[in-house]
Every structure is written in C-alpha cells, then in structure tokens.
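Please read the points below with the model open beside you.

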Amino acid sequence: MPVIEVTDLRKTYGAHRAVDGVSFAVEEGEIFGVLGPNGAGKTTTVECVEGLRVPDAGRVRVAGFDPVTEHAQVAQVLGAQLQQSELQPKLTVREALELYASFYARPADWRPLAERLGLTGKLNTRFAKLSGGQKQRLFIALALIGDPKVVVLDELTTGLDPRARRDTWELIEDVRAGGVTVLLVTHFMEEAQRLCDRIAVIDKGRIAALDTPAGLIHRSAGATIISFTPSAPLDDRDLATLPALAAVSHKDARLTLSGTDETVNAVITLLARRHITAHQLRVTDATLDDAFLDLTKGATA
Ligand SMILES: Nc1ncnc2c1ncn2[C@@H]1O[C@H](COP(=O)(O)OP(=O)(O)OP(=O)(O)O)[C@@H](O)[C@H]1O
C-alpha cells in the first residue's frame, strides 16, 4: 500500500487555481521529489498532505489516514520540517529535542538521534547561535523525533553552502536507509537527481511529468547533446533536416545540438558528407536541469 496517496487534489485561492488535479502515490521507503517553478503549487500540495491546508476537492491519505479529519493519527506517523521562525531563538538544542519529543505518544530516543545528526556537541547551544547547517540538522532531528513513517522536507537545503548541502543529502539518505519514506520539495536539480527515486514535476498546478530522474531526462525532447566547433560553417538548411532535432544553439563558432542518438549519428554523417571536421566534439546526456526546462517550457518563473 502506498504511504502517501494524493488523488485529483484541487485548491483554489480566490480565482487562482494553485493546485488543479494533482495525483501521485508514494511507496514505502521511497525518496519522492516534488519539483517545479516558483508558484507551481508544490507547497500547497505538500501542506495538504501534512494537513496544514484543507483541499477544495480530491483525496489525500497518509498511511491510510485523512490529514484533515484524522489529523491526530497523521501527526503520529508524519514528521514535518519546521520553518525557521517556528523555533524560539533562546531554546537550546536539548530543550527543543525534549519539547518536541513530548508531543508524541511514542517518541524516538533523542540522544542517538542527536548523535546521528552530529548535534551532541551542541546540546546546550541556543538555536539562534547555530550555523545554517546545524539548524537544518536540528530541523531534521525534530522531524524524526516522533519516529515517523514519512517525513516531509520542503526546501531543506536552501541557503546552505555546498559542503553543508552535501552533508544534508547524506543525512537524508541515512534517514531513508532507516526505513522512513521521504517527500522532498526542492528547487535544486542536482539534489533531486542525486536523492530522489521518483520525481513529480509540477507546473501551473498540474503534474507535467512523473518518473525517475533518468526517465525524466529520457522523455525530454533533447536527451542527448552534441557540441563541436566545425572547421567550416554548416548550412542552417542542412541542420534543419536532422532527425529528432530538439534545439540548436550557436556560441561564437561553437555549435550545440540536442536531440536523440539518431540526431548525433545524422550530424556525424552530415559532417563527413560536407568534409567538415568537428573540433572538440563532445556528446553528453542532458541533465535533469535540461529536462526540467523542457518539461516546464513557458512557465513564468
Ligand atoms: N494562502 C494563499 N493565499 C493566496 N494565494 C496563495 C496562498 N498560498 C499560495 N498562494 C498562491 O498559489 C500559488 C501556488 O503557491 P505554492 O506556494 O503552492 O507554490 P510553490 O510551487 O510552492 O512555489 P515556490 O517554489 O515559490 O515556493 C502561487 O501563485 C501563490 O502565490
């Protein structure tokens, strides 16, 4: 049984349809990413899962419970990351852990949790004095303190430096290895590609695509990219005949084409036919970044 089920979720603010028929299911033990441009409806969707917003229509279940009518049951199985403003600056790490543990019928023992998250040396430090990375680790600890089946992490690594971001990724992988299902909202493609088993790309309140990171790249129009500097200019009319060509760009003398393997083979044949040499020829797979831009073409963000 999926741990999270969202079926035809809808939420309107005034005349604005923020979420317009979103459906997905998250299986136990998955890291499931929610990705999309600003204002796409990601936070609204996950806050409906958390029971913080009431959907206008549709069905949401977390471990079989309705987050609105069975909020108490959902709170016992779902851990949510707090927003920074929700913790008192003067609270120490130990006090925060003890306070949040007291909210649960069967909390996890916070000492090994603090140890695992590298917070043992900071137990007497006040929240306001923690670094950005330490605050994020505390938020993860607080999200896990109820020993949840599912954690929802929204923009967890925003504002962190690359080192702290990578450390946080390792923590999330650890959390999943401990059997917890993770619903992750992120703007960072590298983060989604590295961590997520599957990703729902949300655009204008709808699911634009739902697949594994590799699957999303594969289904975007320009999954393979070939770039080179030709020894003589290529005729645009020749380029226009290339099969499965998704995009062409020129930068000085350098040419970059995206398409499929078929496009690459045709380019090589074309070059040979025109007796043109390709200098610094590179063939690469598109990244999730490229796929994201392709899948959310026309988004305002
Ligand atoms: N409480 C609210 N009242 C009115 N409009 C809202 C409210 N919350 C969100 N919206 C609007 O609904 C749309 C979706 O917002 P949401 O926060 O879900 O998007 P998001 O994908 O999480 O965006 P971001 O990446 O910028 O955080 C936006 O246009 C936003 O302005």
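1. Strands E1 (residues 4-13) and E4 (residues 57-62) run antiparallel and are joined by five bridges. Within this pairing, Ile4 has Val62 of E4 as its bridge partner. Strands (E, at least two residues) and helices (H or I, at least four) are DSSP runs, numbered from the N terminus. Two strands are said to pair if DSSP finds at least two bridges between them. Strands of a sheet pair through backbone hydrogen bonds, either parallel or antiparallel.

2. A word on the source. This is a predicted model, in which local features need pLDDT of at least 70 and side-chain atom pairs count only at pLDDT 80 or more, while totals for chains, interfaces and linings use all residues. Residues are numbered from 1 along each chain as its sequence is written.

3. How confident is the predictor? The pLDDT (its confidence in each residue, from 0 to 100) averages 90 over the protein, and 98% of the residues score at least 70. The scores for the model are ipTM 0.96 and pTM 0.83.

4. Overall make-up. The protein has eleven helices and 13 strands. Its C-alpha trace spans about 75 × 45 × 35 Å along the principal axes. Of its 301 residues, 38% count as buried. Buried here means that 20 or more other C-beta atoms lie within 10 Å of the residue's own; with 12 or fewer the residue is exposed, in between it is partly exposed, and the C-beta atoms are placed from the backbone. Among contacts with a separation of 6 or more, 70% are between residues 24 or more positions apart. A contact requires the C-beta atoms of two residues, placed from the backbone, to lie within 7 Å.

5. Back to strand E1, which also pairs with E2: eight bridges join these two strands, and they run antiparallel. Val6 stands opposite Phe24 in E2. E1 and E2 form a hairpin with two residues between them, and Gly14 in the turn has a positive phi of about 60 degrees.

6. Which residues surround the ligand? They are Tyr13, His16, Ala18, Gly36, Asn38, Gly39, Ala40, Gly41, Lys42, Thr43 and Thr44. Strand E2 (16-26) and helix H1 (42-50) are the elements that give two or more residues to this shell. H1 provides the largest share, three residues. By type, the shell holds three nonpolar, seven polar and one charged residue. In this scheme Ala, Val, Leu, Ile, Met, Phe, Trp, Tyr, Cys and Pro are nonpolar, Asp, Glu, Lys and Arg are charged, and the others, Gly among them, are polar.

7. The open sheet. Six strands make it up, in the order E5-E6-E7-E3-E8-E9, with mixed pairing. E5 and E9 stand at the edges with a single partner strand each, so one side of each has no neighbour in the sheet. From one strand to the next the twist averages 20 degrees. Such angles run from 0 to 180 degrees between N-to-C directions, and the axes are lines fitted to C-alpha atoms, for helices over the stretch in contact. E3 and E8 pair in the parallel sense over four bridges, and Leu35 has Val201 in E8 as its bridge partner.

8. Why does Ala80 count as buried? Ala80 is in strand E5 (residues 78-80), and it counts as buried because it has 24 C-beta neighbours inside 10 Å. Leaving aside neighbours within four places in sequence, Ala80 is in contact with Glu50, Ala143 and Val152. Ser102 is 22 residues from Ala80 in sequence, and the two are 16 Å apart in space, C-alpha to C-alpha.

9. Helix H11 (residues 288-295) is mostly covered, with six of its eight residues buried. The buried ones are Leu288, Asp290, Ala291, Phe292, Asp294 and Leu295. Their cover includes strand E3 (31-35), helix H7 (189-195), strand E8 (198-203), strand E9 (206-211) and helix H8 (213-219).

10. Strand E12 (residues 254-259) has two antiparallel pairings to check. Five bridges join it to strand E10 (residues 224-230), where Ser227 has Thr256 as its bridge partner. Strand E11 (residues 247-251) also pairs with E12 over five bridges, and Lys251 stands opposite Arg254. The hairpin of E11 and E12 has two residues between the strands, and Asp252 there takes a positive phi near 55 degrees.

Key. Near = placed C-beta within 6 Å. pLDDT = per-residue confidence, 0-100.
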